[in-house]
Amino acid sequence: MEKDSRLLSIIKEGTEDTFAVWKEELKNVFRDGGVVIFFFLVPLCYPLLYAFIYDNEIVREAKLAVVDQSATYLSREFIRRIDATPDVQVIGVYTDLEEARRRMDQKDAYGILLFPSEFSREVHTGRQTRLSLYCDMSSLLYYKAFLLSATEVSLDIGKEFMKRNEPAAFTEASQEILVNPVHYEQVMMFNTQGGFASFLVPAILILIIHQTLLLGICMLGGTAGEKRRLRDPSPPLSFRPYSGTLRIVLGKSLAYLLLYTVVCLWVLAVVPRLFSLPQAGDPGDVLLFILPYLSACIFFAMTLSGFMTSRESPFLLLVFTSVILLFLSGISWPVEAMPPFWRALSYVFPSTPGIQGFVRIHTMGASLSEVAFEYRLLWIQAGVYFILACLNYRYRLIHYRPDAFPSSAQR
Amino acid sequence: MNCYDIARREIRRFAGHPVYLFGILGAPLFCAFFFLTLMGDGLPAELPAAVVDMDDTPVSRNLVRQLDAFKETRFVMKTHSFTEARLEMQKRQIYGIYFIPEHFSADAITGKQPVLSFYINPSYLVPSTLLFQDMKTVSVLANASVGLQKEMAAGQTEAQSMAKLQPFVIDTHALGNPWFNYSIYLCNTILPGILQLMIFLLTVYSIAMEIKDGTAREWLRMGNYSLTRCLLGKLLPQTLIFTITGFALCAWMYGFLNFPLHKGWLPMLSAMFLLIIASQAGGVFMIGILPVPRLGLGLASLFGMLAFSVIGLSYPVSNMHPAIQSCANLFPLRHYFLIYVDQALYGRDWVYSWVQYVALAGFLSLPLLIGSHLKRALLYFKYIP
């Protein structure tokens, strides 16, 4: 009986303490301008900025210079058709390659298409003819636009050309079969126009959540670290000597979780809608997936926050990792082509399974069972980092108390 | 009491400060190691794909073998239904699906024009682009080979038949990077981008710490209250170390890995040096307009991170909103990128690049604009924790 009531009172006290810590941490966050910037302002503006930068999705009207040494009806027809494709714009037709090169040097064009002088003659005498396409490789999207449009036009004109040249004995249909015995179709799944924003922005959204949580929590940790070093007489938690590590860790993480639920609503639900990114996923699945992701991020950040000696050091230590984390996630560089060492390292960060899972659920319409590996990994990360965060705060409590917590003993 | 003393004081300051050293040396070199080893050969090979072969005849199997022979494609699975393959795609076991319909070979020979379908997943842009090229090539070849058989059966030579089936062939010349090496494509800009980010951060950090530690007046006094002298003394040691790091990056890329360097070392080394001092000037400007440590650092990190998207590395600037196109010029990295494309990648005439060099040098005027504001902040601002 007595044991029972003692347990009850511990639970009651624990819950009260947890919520007191929770409240205190919320106040801490709002009192700190730097943290407010990273918890709210950055997640508010950054996604908009990125979506705005990539808003045009695909390269349209890439500028192409044409060198037409053949100057025949056929080559002019070819040029007219290429110009008519949505992806390519012909900026000028020149007779001499040097001239076109100069246009490329001046960045008026990003590619050159060359019709050799024997172009028309070869085709008309029944030989294959070769066109040369020179592409600027400073951006791969130009290359893609030029190559696809030129190939498309050459196949079309080739077909028509052949039909015209076949003996009249053939019917229209049999000519078509002769030219094209096999059809093929290409289908872009999930991100149907192959857009750049639809590819990159979902990954960036998840990364923004990861990095702002990391920076914000580490800044708070750095502030605590400074106080510790300066032997600040005011204890970190002002009104009561909370003894339990668990209460502190739970209370603080609940505060972050609450704030980031709001942030996630904006970043993951409103922003994709504003910029009409592909949203094939079931909102319930997204929600279930984000819960372990947020927990893993929060506990990971709380673990790291113990190592921050000043509130400015997180900037120098963490900001540049965003670029690395994006590449480690396997969204732009395929994991199959990653050296095993980097692949192993990528599992340390919640962003890797977070980005993989979110993109697949949100853009590709996968259900939780298709992202089971990532989902489990996130829960494992959340568990491991929870324990590490507890150890970290335990260590801090023990080392903080004797000299800097003199008043707590009397209270 | 001159620049030299301030420089010595600065070196002492960061010698006792591991975070400082990490930012100035550790982070850029770690990133160089990361990116240059991550991409290895520069082109992913053996990307997993699935084939759904509903036909299952020697003809269709031959098609699959042809595709498998490409360096980039490897068929890891053969599924019996499309749904099964789609689920594997959603599990990210594969990046593409090649679908051969039932009765494919019979239909092809009897002139019923069967349809080959290939499905790629642009949510993974690089692997899907590579698979797309291979699958398209094989489909065109499949078309040609069926046609070729028929034409040659009708008594034509192979050359004649090919000219009929495919009168135009397009030879592509990928200028500057014919190997499609992603490492060349990305590292040349990402690594200087990281350097720029770290310079922004460290410049802001080193000045902000004077405000925070309350040593700003002492620092100004050492330079006889001349901000120019103070800043030179403080930033020159950093310039030196960053220049060594920057040149080491160049040596690694152009010397050791033999990335294209058509105009020799001078244009790139000078561009690297200008990028470094332009970024330092940018950093001074940032702490000048927001002379509070946390805000200044926040600005530096946001601006520095944005550079990677705005400079047009993966997505061309000419395709962005006009407002963003002009904003891109506010980033030293953008000018560096243009110099690299012209000088290192293509070896263009110097005429096309001098504007970018001047623009980089132009960033050096930024501290002049903000000088008096910064000095007032250093003298009178009190750090509130």
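Guide: A crossover is called right-handed if, with the strands pointing away from the viewer, the path from the first strand over the helix to the second runs clockwise. The model discussed here is predicted.

Visitor: Which hand has the β-α-β unit made by strand 1, helix 3 and strand 2 of chain A?

Guide: Strand 1 of chain A and strand 2 of chain A run parallel and are joined by six bridges. Within this pair, A:Val67 has A:Tyr94 as its bridge partner. Together with helix 3 of chain A, the two strands make a β-α-β unit that is right-handed.

Visitor: Which strand of chain A pairs with strand 4 of chain B, and in what sense?

Guide: A second open sheet of five strands has the order 5(A)-4(B)-3(B)-1(B)-2(B), with mixed pairing. Its edge strands are strand 5 (183–188) of chain A and strand 2 (73–79) of chain B. A:Met188 stands opposite B:Ile120. Six bridges join strand 4 of chain B to its partner, and the sense is parallel; the partner is strand 5 of chain A.

Visitor: Is strand 3 of chain B largely enclosed or exposed, and why?

Guide: On one side of strand 3 of chain B lie B:Gly96, B:Tyr98 and B:Ile100, and on the other B:Ile97 and B:Phe99. Strand 1 (residues 47–53) of chain B pairs with strand 3 in parallel, with B:Ala50 opposite B:Ile97, while strand 4 (residues 115–120) of chain B pairs with strand 3 in the antiparallel sense, with B:Tyr98 opposite B:Phe118. Because five of the five residues of strand 3 (residues 96–100) are buried, this strand is largely enclosed by the rest of the structure.

Visitor: Is B:Leu240 buried or exposed?

Guide: B:Leu240 belongs to helix 10 (residues 227–256) of chain B. Its C-alpha atom is separated by 9.7 Å from that of B:Ile276, 36 residues apart along the chain. The relative accessibility of B:Leu240 is 56%, and the cut-off is over 50%, so B:Leu240 counts as exposed.

Visitor: What area is buried between chain B and chain A?

Guide: The contact takes 113 residues from chain B and 110 residues from chain A. Carbon and sulfur atoms give 68% of the buried area. That area is about 10,400 Å².

Visitor: How many salt bridges does the rule find across the interface of chain B and chain A?

Guide: A:Asp105 and B:Arg348 meet through their side chains in a salt bridge, at 2.6 Å from N to O. Across the interface of chain B and chain A, the number of salt bridges found by the rule is six.

How values were computed: Residues numbered from 1 in each chain as written. Chains lettered and ligands numbered in written order. Predicted model: local features only at pLDDT ≥ 70, side-chain atom pairs only at ≥ 80, totals over all residues. Heavy atoms only, no water. Helix = DSSP H or I, 4+ residues; strand = E, 2+ residues; numbered from the N terminus. Buried < 20%, exposed > 50% of the residue type's maximum accessible area, 1.4 Å probe, protein only. Pairing = 2+ DSSP bridges. Contact = heavy atoms within 4.5 Å. Buried area = accessible area lost by both parts, 1.4 Å probe. Salt bridge = Lys/Arg side-chain N within 4 Å of Asp/Glu carboxyl O.
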